[in-house]
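Dear colleague,

Please find the structure below.

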Amino acid sequence: MMKLRYPLIFLLLTSCLIFAFYVTRPEMPEHADYYPAARDINDFSFTDADNQPFTPANLLGHWTFLFVGYTFCPDICPTTMADLRSIYGELKQLAPNSQVVFVSADPQRDTLERLKTYTAFFNPEFKAVTADHDKLFPFVRNLGLIYSIANQGEKDYLIDHSASIVLINPKGKLQGVFRPQVAPGQVPRVQMATLLSDFSRILKLSGNRE
């Protein structure tokens, strides 16, 4: 029996370590597309609603919730912006350095003044940026999103665009994507309760709240 004592102790210690690892390990996000090794974002140069440059430097030090749309959007954009407004206080409680950035894919109609008024309606702290399509298309594709313009020659043309919300970490890298729920006859929208829950888990996984 004496010969078995040390192997048994070793097995017990190993079991305790394994148990402790699984008990203390942060939970993975349930719904978000999460990238443990955050992805690089290519260089870009936009203009914000205050007519100031918006570059990768503006992402540093922030958890950025980025949404691509346009102010003339009849459904997805106002719904998503209102949803983000409703949880903005909770986002700031989870991470005080959170920011919301609205990227307009309609530089022809979305003037800087219009963008400023649009985002301020939802929250004065929300940022709005835009650029010409030759800069926007590569940026949006780099984030894994899409947009396309149908019947651009018409006055009231529509833009098809992703309803997802992108999460960029304080190092300026793509950390995850919150995908919308899609149901027949309903506007695609990201569920804010699951976004908050998954963001909380991502913060714990990253070990970086600042």
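A charge is taken to sit over a ring if NZ of Lys or CZ of Arg is within 6 Å of the ring centre and within 35 degrees of the ring normal. Arg114 lies over the face of Phe72, at 3.8 Å from the ring centre. The charged end of Arg109 also sits over the ring of Phe72, 4.5 Å from its centre.

This is a predicted model, in which local features need pLDDT of at least 70 and side-chain atom pairs count only at pLDDT 80 or more, while totals for chains, interfaces and linings use all residues. Residues are numbered from 1 along each chain as its sequence is written, and side-chain values use heavy atoms, with hydrogens and water left out.

Across the whole structure, 13 aromatic pairs were found (rings of Phe, Tyr and Trp, the last by its six-membered ring, with centres within 6.5 Å; planes under 30 degrees apart count as stacked, over 60 as edge-to-face and the rest as tilted). Phe121 and Phe122 form an edge-to-face pair, with 5.1 Å centre to centre and 85 degrees between the planes. Phe121 counts as exposed because its relative accessibility is 61%, whereas Phe122, at 8%, counts as buried (buried is under 20% relative accessible area, exposed over 50%, partly exposed in between, with a 1.4 Å probe and protein chains only).

Yours sincerely
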